[in-house]
Amino acid sequence: MTFLGLSARNAMRNRFRTTLTVFGVAIAVLAFIMLRTVVWAYNIGVESAAPDRIVTRHKVTFVMWLPKRYIDTVRQEPGVKMATWASWFGGKDPKHEQEFFSTLAVDAETYFDVYNDCAVKPAELAAFKENRRGAIVGDAIAKKMNWKVGDRIALKSQIFPGDWEFAISGIYTATRKSVDRSTFLFHWNYLNEGMPSSTKDKIGWIVTKVSDPARTADMSLAIDRKFDDRDTQTLSQSEGAFNAGFLGMFTAVLKAIDIVSIIIMLIMMLILGNTIAMGARERTQEYGALRAIGFLPRHLAVFVLGESFTIGVLGGIVGLALSYPIVQLGMGRFLEENMGSFFPYFRISGGNALLAVALAVGMSLVAAGIPAWSVTRLRVVDALRRVA
Amino acid sequence: MNQAYRADVRPMVRVRGLSKIYERGGEQLKVLSGLDLDLAEGTFEALMGPSGSGKSTLLNIIAGLDRPSAGSVEVKGEDISHLSEGALAAWRSRTLGFIFQSYNLMPVLTALENVELPLLLTSLGGAERRKRAETALRIVGLEQRMGHYPRQLSGGQEQRVAIARAIVNDPAIIVADEPTGDLDRQSADDILTLLEKLASEMNKTILMVTHDPVAAERAKVRHRLDKGALIT
């Protein structure tokens, strides 16, 4: 028998109340992890962006076109290893109108060289390059839509009218967390052929792979300077900055989610504090007896803090155990398949898991602070007289 | 023998000129006034008196749970009136055993663990603590109930566990506040027999506060308090 062992057994004295409190803490930990994972996963596109890629778009907005010939100018810039381009297609499967996934028209020859973090089997990539109507899709969207290599798919676009038919040539997987595994990629040439003359030979943006990742800022400026005196000026940014700009419109929402996650933990702390205070009050006479037989005020404080610590640890562990199936396997899979553009990698980070448990334990000790202090102030004779 | 103190023998507990005054709402309430009392070593003594007579206050002061407003309390020749809170707690753990009316056992601990509890404050190892707790439970006749929790014991058995807890650290003095107050007559009788045995065979000085004249009759020495003064 030890002091902490005794505290742990005290925590189990009122099993019903302790169980409810442990689950209260666990739910708070689960909610905290869920919200923090939303923020973390949203920012992963910025944090895990390739350091050696630059995205060049129209200076005004990325929905405006660039002339396709710009790619040749970019490729001539010293320090550029390779460059490719893409255009937003805005496609939807008419049989599944509610399903959202990114559809991009890309340069089949170079896209997977620049995006070498999208892994495609060589044979599938070769088949894609040979077939003008070929498409390569992410493994997440393929799984969700039950697409297989060889399937024929018809898409409609909100931007480009007509029926667009494709054959799935391959499926890519991601080797980087920031890669959206739900994108549908097809030949830009196929799109360009169907364009009216006003929008022919236009591209959405250029992606450049540079030799020296440390020089992306200088290189971005250098690329933009090339087009300063043209009709269409450009804005070049590192992939991380580009992703941040794309996601930046939700910054306020993310901040709010962050704050709510902390508020949830504070509420948990108050509930736990109340439980501990009730327990301490019920045991006043017992604490008086312990003091009478020689225990010191600090021993009683250890009992109270130890009890709260036990509940905090149990709640943290249960919350963490619930989080993996609910947040990672349930919510995470759903978001990766359905909102891959925003949440390409929705997983519980080690940091968030650790922070949640540390907060649960830390706050459980803070919550017990006042009850612990109160029991140290008890006068033995008053405590022995008191009946809870 | 039924007297407050004897001048010829050095007592285990020596109380002199003891007064206790409480302040309640600006008013002074005198609970004990200039009280002298000696408790001899190895005697079983009872403290009786009506409610509000000051017997629990006197017991608390002798036990180092409360402080006198004036006067002194010497236990084994040591004046405890001026000890700090920490020193008093340490003194209680090595000198005193407590028996409460409502037992005050921890429900999450077995009988053995409850008895072992005061030994957590010592430097004894787990095995030695356990051995001593087993011995104490054997003395009170509960060796068959060591693994039982308080809820699995009768009131008399719970009080015997409390007595084992009170003697486990081999204290010189045992103070008992209405130890038979919650018990039926037969159980009370057993407890009083045990207390007699602790005084006569183990040389413990026992001071018992009781309302029950039958219980008081079992003590070797009886003191009666009324309005804060010893009258017999």
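In this predicted model, I136(A) stands opposite L185(A), a residue of strand β10 in chain A.

Strand β7 of chain A, residues 134-138, is joined to β10(A) by three bridges, and the two run antiparallel.

Chain A has 388 residues, and 43% of them are buried. Its radius of gyration is 29 Å, whereas a compact globule of 388 residues would have one near 21 Å. Along the principal axes, the C-alpha atoms of chain A fill a box of roughly 95 × 45 × 30 Å. Contacts in chain A between residues at least 6 apart in sequence can also be sorted by separation: 83% of them join residues at least 24 apart.

The next topic is the nonpolar interior. In soluble globular proteins, nonpolar side chains tend to be buried together. The largest nonpolar core here holds 123 residues, and the members that touch the most others are I62(B), V115(B), A164(B), V175(B) and L195(B). Helix α2 of chain A, residues 15-47, gives the most to this core, with 15 residues. Leaving out residues up to four places away in sequence, I62(B) touches V13(B), V15(B), V73(B), V175(B) and L207(B). Another core, of 52 residues, lies apart from the largest one; L104(A), V114(A), F128(A) and A174(A) are among its members.

Last comes the contact between the two chains. Chain A brings 16 residues to the contact and chain B brings 19. On the chain A side, α1 (3-11), α11 (284-292) and α15 (380-385) each supply at least two residues. Of the elements on that side, α11(A) gives the most, with four residues. By type, the residues of chain A that touch chain B divide into ten nonpolar, three polar and three charged.

Definitions and conventions
Residues numbered from 1 in each chain as written. Chains lettered and ligands numbered in written order. Predicted model: local features only at pLDDT ≥ 70, side-chain atom pairs only at ≥ 80, totals over all residues. Pairing = 2+ DSSP bridges. Contact = placed C-beta atoms within 7 Å. Nonpolar A, V, L, I, M, F, W, Y, C, P; charged D, E, K, R; others polar. Core = buried A, V, L, I, M, F, W, Y, C linked by C-beta atoms within 7 Å. Buried ≥ 20, exposed ≤ 12 C-beta atoms within 10 Å, placed from the backbone. Rg over C-alpha atoms; globule rule 2.2 N^0.38 Å.
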